[in-house]
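Subject: Structure handover

Hello,

The structure we spoke about is below. Please open it alongside this note; my findings follow.

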Amino acid sequence: MTINVGFIGPGIMGAPMALNLMKGGHRLWVYARRPAATQPLVAAGATACATPADVARHADVIFTIVSDTPDVESVIFGAQGIASQARPGTVIVDMSTISPTATKSFAERLAQQGVEMLDAPVSGGETGAINGTLSIMVGGKPQVFERVKPLFECMGKNIVHIGDNGAGQVAKACNQIVVAVTIEAVAEALTFARRNGADPAKVREALMGGFAGSKIMEVHGKRMLDNDFKPGFKVGLHQKDMRIVMETAHQLGVALPAAALVTQHLNALMGTGDTNLDSAAVVKVIERMSGMGGK
């Protein structure tokens, strides 16, 4: 069944995700703060809109994927936001990584006008977005999830309904904790190997075959060895995600000592102007602390 779909935020991740929705046979209306960002989708048959409200006039299901909590709030509730034109029964699916607490509040506000919301952050990076193999973590009503699931299947392979509104964002925060702490562990291990005179490439090769092997060891470990920090996922975005994690932990009184340590190392990279490097650049912080350069 063809669905009228809206898409707001066709960036590095969003553009291929929107394109996969179109490949699934759905009509697409798209909005971006930079109109040029919509052009590849328009060339593929999408309709560009001047505002999020304009998207809402046409679409029954509207996806958003923008940078941070205030951006999502502006896109939905701003003067020309989705909520100003959304009809009862419309579903807003936020695939950004934002605060779980704010997500619950947004869903409650939208429910007052009969608009449904799902939070559905993703993991898998640009490659997963292009290949339609993202892991999608969903919060919201089960019946709304089932309604939108065929659209999720255009963009991802591992699609899990976690629970009520905000639960998807909680799952994404857990994902970011595991990824960040594992990057830290890989960075420390490879630095330890190098400082002891062992070939870190050989050490990584050996570890990949045992319990220490992981996707992070494979992908980020290789980037560390090659000193290649072209971003798959930028330091600035990972630092933002960890800020959300630590703020939520503070609200709940949860101790996250390892996550707090990595957050400080991401802060250090921000301070040295490495915002746009891949977060594997955490190894640079460890190397500097160990008197090994790390420039």
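Does Cys174 count as buried, partly exposed or exposed, and at what relative accessibility? Cys174 counts as partly exposed, because its relative accessibility is 42%. The cut-offs are these: buried is under 20% relative accessible area, exposed is over 50%, and partly exposed lies in between, with a 1.4 Å probe and protein chains only.

Some ground rules. This is a predicted model, so local features need pLDDT of at least 70 and side-chain atom pairs count only at pLDDT 80 or more, while totals for chains, interfaces and linings use all residues. Residues are numbered from 1 along each chain as its sequence is written, and side-chain values use heavy atoms, with hydrogens and water left out.

Cysteines
The whole structure has 0 disulfides (cysteine sulfur pairs within 2.5 Å). Cys154 is in no disulfide; its nearest cysteine sulfur belongs to Cys49, 19 Å away. Cys154 counts as buried because its relative accessibility is 18%.

The annotated lysine
UniProt, in an unreviewed entry, annotates Lys172 as "active site". Such annotations may be inferred rather than shown by experiment; positions follow the numbering used here, and feature names are shortened. Lys172 is found in helix α8, residues 167–195. Helices (H or I, at least four residues) and strands (E, at least two) are DSSP runs, numbered from the N terminus. Lys172 counts as buried because its relative accessibility is 6%. Leaving aside residues up to four places away in sequence, Lys172 touches Thr97, Pro121, Val122 and Met137. Contact here means heavy atoms within 4.5 Å.

The unreviewed UniProt entry also lists residues 166–286 as "domain: 3-hydroxyisobutyrate dehydrogenase-like NAD-binding". That stretch is 72% helix and 0% strand. Its end C-alpha atoms are 34 Å apart.

β1 pairs with strand β2 (residues 27–31) in the parallel sense, over 5 bridges. Pairing requires at least two DSSP bridges between the strands. β1 is also joined to strand β4 (residues 61–64), again parallel, by 4 bridges. Ile8 stands opposite Tyr31 in β2 and opposite Thr64 in β4.

β1, helix α1 (residues 14–23) and β2 make a right-handed β-α-β unit. Right-handed means that, with the strands pointing away from the viewer, the path from the first strand over the helix to the second runs clockwise.

Aromatic pairs
The whole structure has 4 aromatic pairs. Rings of Phe, Tyr and Trp (its six-membered ring) pair if their centres lie within 6.5 Å; planes under 30 degrees apart count as stacked, over 60 as edge-to-face, and the rest as tilted. Phe7 and Phe63 form a stacked pair, 6.2 Å centre to centre with 25° between the planes. This pair links distant parts of the chain: Phe7 sits in strand β1 and Phe63 in strand β4, 56 residues apart. Both Phe7 and Phe63 are buried. Ring pairs link Phe7, Phe63, Phe145 and Phe152 into a cluster.

Strands β8 and β9
Strand β8 (residues 134–139) runs parallel to strand β9 (residues 156–163), joined by 6 bridges. Val138 stands opposite His161 in β9. With helix α7 (residues 142–155), β8 and β9 make a right-handed β-α-β unit.

Best wishes
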